[in-house]
Amino acid sequence: RQKRKGRNQNTPANGASTSFHVTSLQHITDEASTRLSKRLRHKMAAKTEEPANNCRPMNILSNDTLANILFGGFIDQAPRQLASISCVCKRFKLVAETSLTSLDLRKVKLPLLGQIINRYTNLCHLDFSNIREFGDRHMQLLLPVREKLQSLKLRGTNVTDRSIESFFGLTARERSIPIEILDLSGTMISQKAAVTIAICCPDLKSLKLSMCQGITDVFMECISTHLTKLQALDVSMCPITAKGCRSLFCAPSLREVDISACPELNAHAIRALVTGQIGCDDKDAPDSVDVLDETELLQRRGNVSQLISISAQYMKEIDANLLDVMTSYAPHLRRLDLRHYQEIDNTDLSSFKMSLRKMQQNGVQVAFSRSNIIGTTLLQH
């Protein structure tokens, strides 16, 4: 209440009362709005600072980066560990299903194979090595990832021509399979299935067909014709002859060859591999095999110079003359495996050691051990 002159104490002036109420309301409103605005600013600041304080690295990393952390050495690509990390959180499960490209299925239960293939749709490297229960019906489960496969290892499995031809065979509308690494060692595939692989998989860079009894010289010719990108070939313990090795001479990109323990091969096969010619005294060479003329030999000699590794264990009739031929026709050779070789009777060991020392001086790593007919080792290096 305000008291003014000429006014009764119990009777306040109308103007003064109105002014008092107006000024009081303005003060209260201003202060309330100020406090309210401060509270709002504090709340907004707290909301913006809360994610920065509580942010986890997993929420910041992209799926590709998180996949590299998980599958780049932190864990191995085993189905059991994949199931474990999928249960951690939804983010891990999503990353595993969309980013996983390689999977080791050697210990997986085959009834779960279809579920695994359908869940991890980006798989391109599969390993089923030495799973004897893996057969033709399991090959059909791999069809969803066939167009993305880059590596497939079926060593020691029970697959046959039926599944191989249906899996790798092409129709008129389908494209070739972009697979680069294939291991069919120890399987029961025939020459027909192997030729189908050579025609339908032109991008192959590594092919292992060890212990496949259906691999013959006809398939060797398909390699030089269709598999122009092939760099590594393993046909050890296969029934090929020197004619097949001569066909490998024409393979443009071949770098590594393994012809160990082939029952029909001798030193003339190695000579045919590095020179493109079969010796006239070769007992294994058929009469229909002709020798390359000098012009064709000079045109193809560039392919021979690209050979960097030859494995020929348990080879027959190795002598110093063969080593000299290899030194002349394969100057880029860096690895030669001649362990358990059988020498020609009455071979001069001094000339053999001299040729061997010459190859080693040229930078060739030679592994050899000489055995006689009984099989006892006479010389090792």
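**Figure 1. Confidence across the predicted model.** This is a predicted model, and the mean pLDDT of the protein chain is 76. Of its residues, 66% reach 70 or more. Over residues 280-304 the pLDDT is below 50. Beyond near neighbours in sequence, that stretch still has 37 contacts in the model. Residues 372-381 also have a pLDDT below 50. Here the model holds 17 contacts beyond near neighbours in sequence. Where pLDDT is low, the predicted coordinates should not be read in detail.

**Figure 2. The protein chain as a whole.** The secondary structure comes to 15 helices and twelve strands. The protein chain has 381 residues, and 41% of them count as buried. Among contacts with a separation of 6 or more, 69% join residues 24 or more positions apart.

**Figure 3. The largest nonpolar core.** In soluble globular proteins, nonpolar side chains tend to be buried together. The largest nonpolar core in this model has 86 residues. Leu126, Leu152 and Ile259 touch the most other members. Helix 12, residues 267-275, gives the most to this core, with six residues. A closer look at Ile259 shows what surrounds this residue, leaving aside its neighbours within four places in sequence. Its contacts include Val235, Ser236, Ile240 and Cys245. Leu265, Ile270 and Leu273 are also in contact with Ile259. Ser311, Ala312 and Met315 complete the list.

**Figure 4. Serine 151 in strand 3.** Serine 151 has its place in strand 3. Its relative accessible area is 6%, so Ser151 is buried. The cut-off for buried is under 20%. Neighbours within four places in sequence are left aside here.

**Figure 5. The buried side of helix 8.** Ser163, Ile164, Phe167 and Phe168 are the buried residues of helix 8. They lie on the same side of helix 8, because they cover an arc of only 105° around the axis. An α-helix has 3.6 residues a turn, so residues three or four places apart point the same way. The buried residues of helix 8 pack against helix 7 (136-139) and strand 3 (151-153). Strand 4 and helix 9 are also among their packing partners.

**Figure 6. Serine 163 in helix 8.** Serine 163 is found in helix 8. Ser163 counts as buried because its relative accessibility is 1%. Leaving aside neighbours within four places in sequence, Ser163 is in contact with Asp136, Met139 and Gln140.

Figure 7. The structure holds two aromatic pairs. Phe167 and Phe168 form an aromatic pair that is edge-to-face. Their rings are 5.1 Å apart, centre to centre, with 80° between the planes. Phe167 counts as buried, at 1% relative accessibility. Phe168 is buried too, at 0% relative accessibility.

**Figure 8. Helix 9 and its cover.** Helix 9, residues 191-200, is mostly covered. Seven of its ten residues are buried. They are Ala193, Ala194, Val195, Thr196, Ile197, Ala198 and Cys200. What covers them includes helix 8 (161-168), strand 4 (181-183) and helix 10 (217-226).

Note on methods:
Residues numbered from 1 in each chain as written. Heavy atoms only, no water. Buried < 20%, exposed > 50% of the residue type's maximum accessible area, 1.4 Å probe, protein only. Helix = DSSP H or I, 4+ residues; strand = E, 2+ residues; numbered from the N terminus. Contact = heavy atoms within 4.5 Å. Arc of directions from axis to C-beta. Phe/Tyr/Trp six-rings, centres within 6.5 Å; stacked < 30°, edge-to-face > 60°. pLDDT = per-residue confidence, 0-100. Core = buried A, V, L, I, M, F, W, Y, C linked by side-chain atoms within 4.5 Å.
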